Amino acid sequence: MTTAPRTAATPGRTGMALFALCLAVFVVPYGLSSAPVALPAMGDDLHAGVVPLQWVVNAYNVTAASFMMAAGSIADRIGRKRVFAFGIGLYGVSALIGALAPNTVVLDVARGIAGVAAAAMMTAGVSVMANMFQGAARTRAFAYVGVTIGAGLALGPTTSGLLVSGLGWRSVFWVQFATAVLSMLGMGLIEESRDPDAKAVDWPGTLTFTPALLFFTLAVIEGPQWGWDSGAVWGLLAACAALLTAFAMLEHRRTHPMFDLSLFREPRFMAVNLLATAVSFGFVGLMVLLPSYLVGANGLTGSGAGLTMLILTAPVLAFPLVAGRLVQAGLSLRAVLTGGLLLVAAGLVWLGAPGPGIHPGIGVFTLAGPLLLIGTGVGLIYGLMDGAAVSTVPPAKVGMATGMFNTIRLAGEAVAVAAMVAALVSLVQPRIAAGLARFPGSEGLDAGAVTAGVTSGSVDAASQAPASAPALADFLADSYTEGFRVVLWGAALVCGVGGVVLYLMLGGRGGVRAGTNEVAGPEVGGPEAEVGVGQARGSEAEVGVGQARGSEAEVGAGQARGSEGEVGVGQARGPEAVREVTPEMSEPDPDAARAAEQPTTRTRVDATR
């Protein structure tokens, strides 16, 4: 990797640069988690139902997933700082458009633009950070990134609810705009870097994968409205299949593809991608749907819903560190990841159970049990999942694997949200249609329109039938609850079955080892390996929240250790990292071999235990 010449920097300048980077990174998870709580208020103001409102979330995920790999390649070619600054500026523009949007079409387009910006910021931003910081400073920098991402996910719903209640839903986008502007002020403190040997952008792959994901998401979201047997839905699905076939053929023939399809033949890599998809149903979909239920069926305000969501999101910030400690204590990675997913499944069953689960008027203390259980499971998974994804492949393919994993994860989130919304509408609408006529004054109400309003967090339709308004409102809330319960049970089934399959796929002699950056199979790393959340490129095994390079293995996002510390959640191991070479590995790394002769802190955990 070629970088710009380094200049001496004062601690104050370096600290300000890190603050600007973290501030920009913060807005990416915050933009994802803050939107769902504002959806009911958006629907009331813009007179929109649940389907167009869900594109506020899905447009963001679809474009972010589609352009993740392309943004990383462009950053390598023209400069990471340049792409990072472009991403921040574009995100600011998208937030400004969202704040001024006169209708849902403009708002959804703005969110799609924000997704492109998020892809640029995540792939280029942390590469910039990895280039600017070295040694222990880099370890601390990545730890701050991990905390920043967790804080964005955890604080988004709560702050969004408070903003919606106090200043209106548009204030959520004004805050994002202000954050982007403040981040731009720190760009002068950041160094430029690029890779003169970077490969060309895989535009054919990008231009076939993007519409394929878009068409599939559109078909799933619009299915309940258009009819699952309609020509439009089947046409979109056929177009998706054709584009995915073209994508696979193109990637198979390219020397440097966006997706190395041969990685899908690795069961452990497939297992971790399955885990990410299951979590999308168990957590991301719930994070989108639950605020609307709390407002519509439970009568909470936006701020009340946001504060309640903190019960779900706070453990996601705290438990990644616990996951690292469990692995260091001797528990296998396989057991922690499987256990976390089964906790999510159990929490969803509890949340959907009649009586102890959701019902109109449910209190915060009753919700706390299942939400804490789900959040704990997700937190344990998030602490280890990203490192596990790259620990299943040879070092030469770590960068490709990380980019593919993040693309699949974001695509899975978009599909999960779309599927759960479509299922909710499909379940609630027949119940409303079957019982609406028995309420006096409801003759002029359309079941589809009422369903759209109810599932987006509004039971205002009851006010259109004054003679039976209280009874109709109760009926609508009960119909919403019954449909939502089935959706929760479906998500629980995905997570439960996924947990069993995950446990089986991570078994065998090729299981992942955690705690020392070791894998029973292809070696992860070499002296330039870094493991975390994001993309990576080049011969150095690069990983981070975006991209990362350097001479010290970095895993995840969280705590940092010294050169001989234990590797867990966001912990760093220097050249003294202990590695075990198995027959299928490449040649042993001489640096690691020399390090193995020195005293080190050695913790080995086999995922198959």
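These questions and answers walk through one predicted model.

Visitor: What kind of model is this, and how are residues numbered?
Guide: Side-chain values use heavy atoms, without hydrogens and water, and local features need pLDDT of at least 70, side-chain atom pairs count only at pLDDT 80 or more, while totals for chains, interfaces and linings use all residues. The model is predicted, and residues are numbered from 1 along each chain as its sequence is written.

Visitor: What is the mean pLDDT of the chain?
Guide: pLDDT is the predictor's confidence in each residue, from 0 to 100. In this chain, 75% of the residues reach 70 or more. The mean is 75.

Visitor: Which helix has the highest confidence in the chain?
Guide: Helices are DSSP runs of H or I with at least four residues, and strands are runs of E with at least two, numbered from the N terminus. Confidence is lowest in strand β5 (residues 571-573), at a mean of 35. The highest mean, 93, belongs to residues 333-352, helix α11.

Visitor: How many contacts beyond four places in sequence does the model have for residues 513-609?
Guide: A contact means heavy atoms within 4.5 Å. The pLDDT stays under 50 over this stretch. Where pLDDT is low, the predicted coordinates should not be read in detail. With that caution, the model's count for residues 513-609 is 308.

Visitor: Is Thr338 buried or exposed?
Guide: Buried means under 20% relative accessible area, exposed over 50%, and partly exposed in between, using a 1.4 Å probe and protein chains only. Thr338 sits in helix α11. Leaving out residues up to four places away in sequence, it touches Gly499, Leu502 and Tyr503. Its relative accessibility is 7%, so Thr338 is buried.

Visitor: Is Leu100 buried or exposed?
Guide: Leu100 lies in helix α3 (residues 80-100). Its relative accessibility is 55%, so Leu100 counts as exposed.

Visitor: How many disulfides does the chain have?
Guide: A disulfide here is a pair of cysteine sulfur atoms within 2.5 Å. Cys240 is buried, at 5% relative accessible area. Cys495 is buried too, at 0%. By the distance rule, the count of disulfides is 0.

Visitor: What share of the 609 residues in the chain is buried?
Guide: The chain has 16 helices and 6 strands. Among contacts with a separation of 6 or more, 79% join residues 24 or more positions apart. The buried share of the residues is 62%.
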